[in-house]
Amino acid sequence: MSSTALSRSCLSTLRGHLNMCADMTACTYKQLQHEASVSMQFWDDPTVDGFHSLLMTPKPMIRTSDHVFQLCELVKLQSSCKKLNLLSELMDHSGNYVHTALPFILSLLQRGLGERIHLLTHSLSPDPEWSVESEAPKHKAQPPLSFGLLLKPELATSVLERGPPADSPKAAEFRELWGSRSELRRFQDGGITEAVLWDGQSMCQKQLVPKQIITHLLQLHADVPESCVRYVGVKLDDVIITGSEVPSTGEEESLRVVQSYDDLSRKLWRLEGLPLSITAVQGAHPALRYTQVFPPLPLKLDYSFFVREKISRSLVPKEDKPCPAYVTPITVICHMEGSGKWPHDRLAIRHIRAAFHIRLGELLKKHHNYPCKPCPTHLDVWKDGLLFRIQVAYHREPQVLRESVNAEGLLVVRDNEEAQALEMATIHKPLLTSTLHGLQQQHQCFGAVCRLAKRWLGAQLFSEDITEDTADLLVASLFLQPAPFTPPGESLPVMFIATPKDKKLSMWTKRAPSVQMLHRVVMLAAESLKVVMRPPLDAYDVLIHLNPKQVPLLSQAVDPPAVTFSRGIMDGNVAHSGGAMPVVDYNPVSLYLAELRDSFGDLALFFCDPYGGTVIAVLWNPKAFIPLPFKTSQVSARSVEVTGEEAKTVPNVEAILEDFRNMGKGLVKSVEARTEKWSF
């Protein structure tokens, strides 16, 4: 088989009279080569179930291509044949202008996209069948032509197409290809060349440069108007876009956060006057690995919105104002050197850490004028309009938490949740952040995929069961190992995620999700092409509607309301240092949810979209409504029913709903009880 200049492949019979691949385009031949190469990689990889991934897993174009577009109104290809002077080829195809124009359109797009793509694929509808007694179907009745692009991330988003020098023989060919978009430009290296500059300021806009190329070339050379091109690349990015003047999907904001963190890290390393030296500064927040759904934005505070707290002089919103803008604490772990100065008592270690927080705050205020607020567990630093939460860590503290002395005076070492939580916060999360940050450097779209996946999970009310760290690891597995894994055994968590540092326990999914929640996630994911970001609420028993005025992340909602509220921030440049400490990590919705789960977690499940959701969905636990024998210790939120001489208790639904209202006073707008769903 060989590819020729006429975009045809040849696979002939033994006698050489019949070409079995007469209708195969060069793009299809390259796709065949690409799939064969990928298949051989899978076969040779001992960690991959090659049979399942290659022979049992379907690969539709929508899942194997980075961008997909369609050509509609195929009747327009008649004029394309005239424009491209394909009349003789049209006769060879018996007037089928779709088959005639397709190879030349593919060649045109391949030439224009050039080094931006690995592969250009297409689908062609099968030849129609019809009764000999009826007329043949018209060519324009064929379904739209579909095309897929496999992009080179490092080149696909470039807004500059630099051509040959002005005096080069190839300059005329370059101008002929790009038409009026080509113009002479002088570059910093002194060269004067032909060049094409595409539109795009943010990464969000640059991702659509291939679309600009495709629509321009089809209009210029094939008389196919832009209205006939249905481009579906980056369509879902709308739900993670921020900014009004220059839309962004978080890449620029994440970079700004990372740059500010790097600057803070350097300043921490250079601090003098600490009793012990700093051995490591590590980020432990999704924004520092480019996976935060909505990265923290630098905030310029409107001081007229607040009053000063008397003792700390921090800002507190006035009573008549809406909930202030949410200030995200960006966690930074600061490891101090090991020394004999550290005590071996858990309480004493906490006191030493608190003293370090106070001293760090004093030094940062003195040398850099950063507003700081020390606490026993952390130090909040206001820098560049961002809030960094520094936590001092001592590497032996988890071991100290595991040690205890029994009644016989012997030292006993037992693992416990407190030690595990501390290890997770100070060791595993920083390591995860560092590792995924490295993965982002290898794959530019990794962060965007994580943000989109977590936005979907949040919109479907699953953020409590599939945490941010779990979602990031799931997405990372797609980039590192696209082939499916062997299902884990029954003794392991229902969702098992193995990492180089955790191959046996799956610490990230040990507590959640449950079997039921994972099953529901899989079910909704399968249906997500129908309703992508708007969850069905019919299945829930109670809906708690929230007051939008008190939802600080309202602007991040899938369907933000037309009415907006002032939340104590202003437009303009942010000061690098100085100012007052704002209200930090204050989200009434998450606090209310935590209180509901703490008070009624045995009776119901509570779901909410953490990104601006204004509805909390409640699902009763059927087992909790089984009548129980009366006990004075178990009458909370229950009513007594007496049958004969037997007294039993059941949940008092009316009182519980009233508690929902009272606990969320000022935040809860209404409680919608769907009584038709109650069938206990």
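The exercises below concern the predicted model shown above, and each is followed by a worked solution.

In this predicted model, local features require pLDDT of at least 70, side-chain atom pairs count only at pLDDT 80 or more, and totals for chains, interfaces and linings use all residues. Residues are numbered from 1 along each chain as its sequence is written, and side-chain values use heavy atoms, with hydrogens and water left out.

**Exercise 1. Overall composition**

State how many helices and strands the protein has, and what percentage of its residues count as buried.

Solution. Begin with the definition of the elements: helices (H or I, at least four residues) and strands (E, at least two) are DSSP runs, numbered from the N terminus. By this rule the protein has 19 helices and 27 strands. Next, take the definition of burial: buried means under 20% relative accessible area, exposed over 50%, and partly exposed in between (1.4 Å probe, protein chains only). Of the 680 residues, 42% count as buried. Finally, consider contacts, where contact means heavy atoms within 4.5 Å. Among contacts with a separation of 6 or more, 67% come from residues 24 or more positions apart.

**Exercise 2. A strand and its partners**

Solution. Two strands pair if DSSP finds at least two bridges between them.

**Exercise 3. A sheet with a helix on it**

Give the strand order of the open sheet that contains β6, β7 and β8, and name the helix that packs on the sheet.

Solution. The order is β6-β8-β7, with antiparallel pairing. The edge strands are β6 (160–165) and β7 (182–186), each of which pairs on one side only. The twist averages 40 degrees from one strand to the next. Helix α8 (residues 170–178) packs on the sheet and touches β6, β7 and β8; its direction makes about 150 degrees with that of β6. For the pairing in detail, 4 bridges join β6 to β8 (residues 192–197), and Pro165 stands opposite Thr193 in β8.

**Exercise 4. The length and burial of a helix**

Compare the end-to-end distance of α15 with the span it should have, and describe its burial.

Solution. The expected span of a helix is 1.5 Å times one less than its number of residues. For the 14 residues of α15 (residues 446–459) this should be 20 Å; the end C-alpha atoms are 20 Å apart, which agrees. Since 12 of the 14 residues are buried, α15 is largely enclosed by the rest of the structure. The buried residues include Phe446, Leu452 and Trp456. After α15 comes Leu461, whose phi is positive, near 70 degrees.

**Exercise 5. Two packed helices**

Find the angle and the axis distance for α6 and α10, and the handedness of their crossing.

Solution. Axes are lines fitted to C-alpha atoms, for helices over the stretch in contact, and angles run from 0 to 180 degrees between N-to-C directions. Helix α6 (residues 97–113) and helix α10 (residues 209–222) pack at about 135 degrees, with their axes 10 Å apart. That makes α6 oblique to α10, given that angles under 35 degrees count as roughly parallel, over 145 as roughly antiparallel, 65 to 115 as roughly perpendicular and the rest as oblique. A crossing is left-handed if the near helix is turned anticlockwise from the far one by less than a right angle, and right-handed if clockwise. The crossing of α6 and α10 is right-handed. Residues that meet include Ile105 and Leu109 in α6, and Ile213 and Leu217 in α10.

**Exercise 6. Positive phi in a loop**

Locate Tyr290 and Asp384, and decide whether each is buried or exposed.

Solution. Tyr290 lies in the loop between β10 (278–283) and β11 (300–301). Its phi is positive, about 70 degrees, although Tyr290 is not a glycine. At 10% relative accessibility, Tyr290 counts as buried. Asp384 lies in the loop between β16 (379–383) and β17 (386–393), with a positive phi near 60 degrees. At 18% relative accessibility, Asp384 counts as buried.
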